[in-house]
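Please read them with the structure open.

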Amino acid sequence: MDFPMFHLDWLNDRFLIAVIAIIHVMINHGLAVGFIPYITWLEYKGVKNAPADQITDTKWDELIYNKMKVAFIITTTIGAMTGVGIWFSVALVSPSSIGSLIRVFYWAWFTEWIVFVTEVVLIMIYYLTWKNSNKSLNAKLKHIRFGAFLSLASWITMVIIVSILGFMMDPGNWNTDKSLLNGFTNPIYIPQLAFRTPVAMLVGGVFGMLLTTIFSKKESAIRILAIKYAGKWVMFWTPFAIAGAIYYWNVMPDAMKANMSTAVGSMDFEEYYDLLKYFIIGAASLSIILALWATLRPKKVNFALVVVPCLFIFGFLGIFERVREFVRKPYVIGNYMYSNLLREEDYPLYKKDGVLKHATYATVSEITPENKVLAGRDVFMITCSRCHTSNGINSIVDVFENMYGKDKPLNEQAMASYIPNMHQGRAFMPPFPGNKKELEALVAYIKQLQSSGESLQGAQTEGVIINPINAVDEVAKRIEADLAQKEQEDDNN
Ligand code: HEC
């Protein structure tokens with residue numbers, strides 16, 4: 001409420017972040033953090049398995065180089081762009097939470113940025129100097145060492161960012177003593193890192209296997225060996241991924257586990273949660289079967305066989321990210337800031353005064369019968385719009401119609417008695433912060449939405465409207481009046 005509200009009504013604001021972030025994570029884990037060490041290892045194998053009079057096995061080296069080319073192109077284009085895209089989208093949708101995170105983690109972000117820039121530069125150097133390094137053994141070994149360095153840099157970007165992700169889920173001690181160290185060492189950090197690292201390696205290996213089937217000739221000796229290595233790589237990381245998953249699951253607070261069923265399939269599919277859960281676990285396990293097959297029967301592995309497990313494992317990453325984003329609800333930063341961007345500790349004030357009084361940007365500050373619907377629109381924007389739209393994905397009209405029936409007009413009374421308790425039945429929603437008048441305005445607006453079908457516009461289309469009572473002139477007047485009153489009191493004394 002301290003920022004003009006950006007709002008994407010058709011797509012839903014959360015969805016915008018999710019789409020960009022999920023693509024980014026897939027590229028970051030599958031094509032950088034997990035892929036680069038795999039490539040470096042294979043480059044080294046080329047030197048190790050080379051005929052005595054050669055620096056490396058040229059054909060093998062060509063295959064590995066081609067695989068790296070794909071990672072190079074994708075990470076430095078879509079990967080880097082979606083990285084910036086995350087910043088852009090969260091700054092639009094969730095400015096208060098990203099603002100808090102930047103302040104708490106200032107030095108961590110700063111370091112992250114330096115390491116990230118280093119990573120991109122190293123990727124460029126690693127790829128662009130590959131061919132030249134084949135001229136002498138010394139140069140080749142240096143190049144491989146360089147790859148190891150790059151792998152480390154990629155992993156460090158993950159080491160830093162995962163702390164911030166863990167923090168958003170459960171800040172731990174930070175809520176009582178707000179230091180960077182307390183924030184950084186939050187309870188979910190290490191378990192999540194212990195899970196993400198081997199998963200990234202696993203995804204990198206499966207993707208590498210897929211690329212092998214594209215860049216090598218069927219049944220060639222090189223292909224068989226490369227498939228076998230990819231299988232071994234995946235098999236090696238699998239136990240770590242399983243152990244990481246168990247470790248991670250065990251530190252998740254119960255409130256988060258309770259959100260799992262909605263997180264995995266949304267409320268419509270909640271009853272299929274068990275089925276979905278097994279499907280997801282099964283889909284991820286397909287990679288392990290593939291890896292086993294690749295180690296034992298590498299000859300039989302072709303593109304058609306790898307593509308499905310590969311899509312599944314990337315799909316698994318996507319679902320994992322969505323679930324992680326969802327389970328921390330109703331908070332965006334655990335026990336500190338709700339997903340509607342209001343801080344928990346400010347709630348008593350809002351309940352007393354209403355949210356409109358404290359909003360910097362709103363059309364209405366004093367609710368009257370004439371401006372009720374307009375005021376309701378402001379209340380909706382402040383309290384519901386980060387998760388609901390007016391007529392797009394997860395529309396507020398739809399969720400109420402699902403409860404009360406599609407074909408009849410919504411009942412204001414029923415909605416007004418539901419909303420103040422909505423966080424009890426549906427713990428993923430924050431409590432309604434407003435006062436009684438605002439509640440009435442909100443339901444009047446929702447009812448009006450049902451009949452008009454209109455679409456809510458954000459500040460990017462409507463422009464910025466400053467709350468009349470919080471405009472500079474008004475505030476100045478109030479301060480002057482306060483001073484005058486104080487002087488009067490002093491005189492009287
Ligand atoms: C943190 C995000 C978030 C906020 C903020 C939020 N909701 Fe929700 N709400 C959800 C989600 C997610 C669902 C479930 C959608 C699904 O899975 O179908 C939901 C469902 C609902 C439902 C249907 C519940 C049921 O039992 O069927 C109602 C009604 C609702 N929201 C009203 C509101 C109102 C009114 C506001 C604002 C005062 C609000 N929500 C704010 C996320 C949110």
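1. The UniProt annotation "domain: Cytochrome c", from an unreviewed entry, covers residues 371–450; UniProt positions are given in the numbering used here, feature names are shortened, and annotations may be inferred rather than shown by experiment. Over residues 371–450 the chain is 59% helix and 0% strand, with the end C-alpha atoms 18 Å apart.

2. This is a predicted model, in which local features need pLDDT of at least 70 and side-chain atom pairs count only at pLDDT 80 or more, while totals for chains, interfaces and linings use all residues. Residues are numbered from 1 along each chain as its sequence is written.

3. The protein has 20 helices and 2 strands, these being DSSP runs (helices H or I, at least four residues; strands E, at least two) numbered from the N terminus. Along its principal axes the C-alpha trace spans about 100 × 60 × 40 Å.

4. The axes of helix 3 (residues 58–93) and helix 5 (residues 106–128) come within 10 Å and cross at roughly 155°, where axes are lines fitted to C-alpha atoms over the stretch in contact, and angles run from 0 to 180 degrees between N-to-C directions. That angle makes helix 3 roughly antiparallel to helix 5 (angles over 145 degrees count as such).

5. In this pairing, Met 68, Phe 72, Thr 75, Thr 76 and Ala 80 of helix 3 meet Val 120, Ile 123, Met 124 and Tyr 127 of helix 5, a contact requiring C-beta atoms, placed from the backbone, to lie within 7 Å.

Methods: Parallel < 35°, antiparallel > 145°, perpendicular 65-115°, else oblique. Contact = placed C-beta atoms within 7 Å.
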